[in-house]
Amino acid sequence: MSTSSKVVLATGASSGLGFESVKQLLLDNPEPYTFILGARDVKRTQAAFDALNFDTAKNQVHIFPLDLKDLRSVQVFAQNALEQLGQSTLDFLFLAAGALDEAKGPASHGSQWCDGLMVNHLSQHYLIHLIRETLLASKTRVVFVSSGAIRNVRDQDPKTLDVDLKANSDAGKFPVYCGSKFVQLLGAHYWRRHLPGCTIVAVSPGLVPDTNLATGMALSMSMADAKTVPEGAKSLLEAFTRNDIPADPEQIFLTSWGEWWAKDVYAMSLDTELQDKWCWSREEIEKAEGLAAQS
């Protein structure tokens, strides 16, 4: 792995905004990049990146299997990613994966939590635990792809999360998405407190109707402030390069307009007890989900 290239570990880069973000870094950026990506369909994702005809003498793309609905898959991906990284510095962790799932029926792999929470929060939270020492040593910038939907927790009451985010809760797509993205933001604040030396940024791509996820929300480009996928990806990439991080450590949310959101917009997520409640330790996750601990 080239010592001169920026190294990015990413989830959710096989399609949509995540794929477009990596594409722009591969094709439109003069700096060399090395990507370590997780994807459910490695063959299809590899073909999509190969079709970009990017400069392989300058950039590298390594793709490993990852199913964020299965924490055992997260364990294997973390091991593969760390082996690929070797002694190189991890410059960016890009958590771009997202899902729009209802909580009707059991979780895909037997968890007590619905698939929406697994993908949008728990699996990526667990991944951070598994690579925590590397993040600390590298002083990695961790970018959480968030959403304005964090403002729409049902009834503006965090107690509804205990109901809506359970498997078999019968909650629909919208409350599950809003609730799980809010919990993801709790996770960003949690890791801001627990990864000293790392920079934590939550960023919104804005209203981007032309993604698979947004299609399920009945959004359209005729809506005010709608952005194209390339525009949304450009907003996300701002979080990679912004050096005007606010002095207030709680002000971590970068909007698609390029502004650091005032804390009163997401005040409910600043409750440290709520953060700790939803951000389980590695040992708690492995015990609750019946996982064998990984060395």
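Here is a walk through the sheet, the cores and the aromatic pairs of this predicted model. Local features need pLDDT of at least 70 and side-chain atom pairs count only at pLDDT 80 or more, while totals for chains, interfaces and linings use all residues. Residues are numbered from 1 along each chain as its sequence is written, and side-chain values use heavy atoms, with hydrogens and water left out.

Let's start with the sheet. It is open, has 7 strands in the order β3-β2-β1-β4-β5-β6-β7, and pairs in parallel. Strands here are DSSP E runs of at least two residues, helices are H or I runs of at least four, and both are numbered from the N terminus; two strands pair if DSSP finds at least two bridges between them. β3 (60–65) and β7 (253–254) stand at the edges with a single partner strand each, so one side of each has no neighbour in the sheet. Helix α1 (residues 16–28) packs on the sheet, touching β2 (33–39), β3 and β4, and its direction makes about 160° with that of β2. Those angles run from 0 to 180 degrees between N-to-C directions, with axes fitted to C-alpha atoms, for helices over the stretch in contact; contact itself means heavy atoms within 4.5 Å.

Further along, β4 and β5 pair in the parallel sense over 4 bridges. Leucine 95 has phenylalanine 144 in β5 as its bridge partner. Phenylalanine 144 also touches Ile128, Trp191 and Val203, among others.

That brings us to the nonpolar cores: sets of buried Ala, Val, Leu, Ile, Met, Phe, Trp, Tyr and Cys residues joined through side-chain atoms within 4.5 Å. Buried means under 20% relative accessible area, exposed over 50%, and partly exposed in between (1.4 Å probe, protein chains only). The largest core has 60 residues, and Phe144, Leu165 and Trp278 have the most contacts inside it. A second, separate core of 32 residues includes Leu25, Ile63, Phe94 and Leu236.

Now for the rings. The whole structure holds 10 aromatic pairs, meaning Phe, Tyr or Trp (six-membered ring) centres within 6.5 Å, with planes under 30 degrees apart called stacked, over 60 edge-to-face and the rest tilted. Tryptophan 113 and tryptophan 280 make a tilted one, 5.6 Å centre to centre with 35° between the planes. Tryptophan 113 sits in the loop between β4 (92–95) and α4 (115–130) and tryptophan 280 in the loop between α10 (272–278) and α11 (282–288), so the pair ties together parts 167 residues apart in sequence. Tryptophan 280 also pairs edge-to-face with tryptophan 278, at 5.8 Å and 65°. Tryptophan 278 is buried, at 1% relative accessible area.

Conventions: Lists of a residue's contacts leave out its neighbours within four places in sequence.
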